[in-house]
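Please read them with the coordinates open.

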Amino acid sequence: MKIAIYGQYYQNSTEPIIKDIFVFFNANQVELVIEADFLKLLYEKNIVKKEYKTFSNYTDLDASFDLLISIGGDGTILRAATFVRNSGIPILGVNAGRLGFLAKVQKENIETFLQIVIDKRFTLSKRTLLDLECNPKNETVDALNFAMNEITISKKDTTSMITIETHLNGEYLNSYWADGLIISTPTGSTGYSLSCGGPVLTPDVQSFVITPIAPHNLNARPLVIPDITEIKLKVSGRESQYLVALDSRIITINDTTELTIRKTPFEINMVEIPDETFLKTLRTKLLWGEDKRN
């Protein structure tokens, strides 16, 4: 078995998890290939001493890999997806963060979960992504133009709201007068969109969510649309630039630029561990059912 490892280091919570993972996989003769910057950090912290092969670019990951394990929180998984891209390599998240919906493996009983990985007793959940196209073209966007959670349009250097003219499949929808607009996948529906009043979608729903951020008109509500919809956005405001975030990657865009958002032609495979379902995660993370009257 060949596994890629990518992670973030948190002083108080990650070190024991990392050690457990390396000890377990080495004991089971698993070939490990570590992201170069992460391995450098592990050497500096004296967490590992053995020499490992490394990867530093998505082109280093090929069909010979069975899995990529992401150590950290949901944000770490989003960054891991930029390495996996359209390779089809499944991602398993080991949660060393806090409120995680994507990172399935908790630090408690980690060896039990890793044994499931070794035995390949898991299923895959296919996650839809968003593709961004700029007109005129933007080289920064073109280099990495997809998002797993959401694409967010927001104001840049002003306290004034921006206007986001929105068309769906060529038909005018609305001009949102707001601090910004979130286009979310089902995976991202439990993230920024949720905090702005958007609905929770299960991962297998074939939809996107359009959620305004602090809209001036309170009747501008979140909208669920089919994921085959092409979304065109044109932004105007008092400033000549605005911000576009693809998950955590933020880019400055000129207001003369038209944005087109659509579903990517590929999906990300997320590893699903038995008994660690999406609905169980919702109950745990959102404290559903905690009220004893339920």
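1. Start with Asp 247, in the loop between β15 (241–246) and β16 (249–254). The model is predicted, and its phi for Asp 247 is positive, about 55°, although Asp 247 is not a glycine. Is Asp 247 buried or exposed? Asp 247 is buried, because its relative accessible area is 11% and the cut-off for buried is under 20%.

2. Ala 214 also deserves a look. Its phi is near 45°, a positive value in a residue other than glycine. Ala 214 sits in the loop between β12 and β13. Its relative accessible area is 44%, so Ala 214 counts as partly exposed. Leu 287 belongs in this list too: just after α7, Leu 287 takes a positive phi of about 60°. Why flag such values? Most residues other than glycine have a negative phi.

3. Check the peptide bond between Asn 135 and Pro 136. The bond is cis, with omega about 5°. Pro 136 is found in the loop between β6 (123–135) and α5 (139–143). The reason to check is simple: most peptide bonds are trans.

4. Now strand β12 (residues 207–213). Seven of its seven residues are buried, so the strand is mostly covered. Ser 207, Val 209, Thr 211 and Ile 213 point one way. Phe 208, Ile 210 and Pro 212 point the other way. Both sets are buried.

5. Which strands pair with β12? One is β11 (residues 180–184), antiparallel to β12 over five bridges. Another is β13, also antiparallel to β12, over four bridges. Val 209 takes part in both pairings: Ser 184 has Val 209 as its bridge partner in β12, and Val 209 has Val 224 as its bridge partner in β13.

6. Follow β13 onward to Thr 229. This residue is found in the loop between β13 (223–226) and β14 (231–236). Thr 229 is buried, with a relative accessible area of 5%. A polar atom of the Thr 229 side chain lies 2.8 Å from the backbone oxygen of Pro 226. Beyond four places in sequence, Thr 229 touches Leu 168, Asn 169, Ile 261 and Arg 262.

7. Strand β5 (residues 91–95) is another covered strand. Five of its five residues are buried, so β5 is largely enclosed by the rest of the structure. Ile 91, Gly 93 and Asn 95 point one way, Leu 92 and Val 94 the other. All of these are buried.

8. How does β5 pair with β4 (residues 67–72), in the parallel or the antiparallel sense? The two strands are parallel, over five bridges. The chain crosses from β4 through helix α3 (residues 74–84) to β5. This β-α-β crossover is right-handed. In the pairing, Ile 71 has Val 94 of β5 as its bridge partner.

9. Gln 8 ties in here through Ile 71. Gln 8 lies in the loop between β1 (2–7) and α1 (14–27). With 24% relative accessibility, Gln 8 counts as partly exposed. Leaving out residues up to four places away in sequence, Gln 8 touches Thr 14, Phe 38, Ile 71, Thr 76 and Arg 79. Its side chain also makes a polar contact with the side chain of Tyr 6, at 3.3 Å. Gln 8 and Gly 73 are 65 residues apart in sequence, yet 8.3 Å apart in space, C-alpha to C-alpha.

10. Val 23 lies in helix α1. Its relative accessible area is 57%, so Val 23 is exposed. Val 23 and Arg 262 are 239 residues apart in sequence and 42 Å apart in space, C-alpha to C-alpha.

11. Helix α7 (residues 278–285) has Phe 278, Thr 281 and Leu 282 buried. Seen down the axis of α7, the buried residues fall within an arc of 100°, so they line one face of the helix.

12. Last, the cysteines. How many disulfides are there? The count is zero, taking sulfur pairs within 2.5 Å. Cys 134 is buried, at 3% relative accessible area. Cys 196 is partly exposed, at 26%.

Definitions and conventions:
Residues numbered from 1 in each chain as written. Predicted model: local features only at pLDDT ≥ 70, side-chain atom pairs only at ≥ 80, totals over all residues. Heavy atoms only, no water. Buried < 20%, exposed > 50% of the residue type's maximum accessible area, 1.4 Å probe, protein only. Polar contact = N/O pair within 3.5 Å; in protein donor to acceptor, adjacent residues only side chain to side chain. Contact = heavy atoms within 4.5 Å. Arc of directions from axis to C-beta. Pairing = 2+ DSSP bridges. Right-handed = clockwise from strand over helix to strand, strands pointing away.
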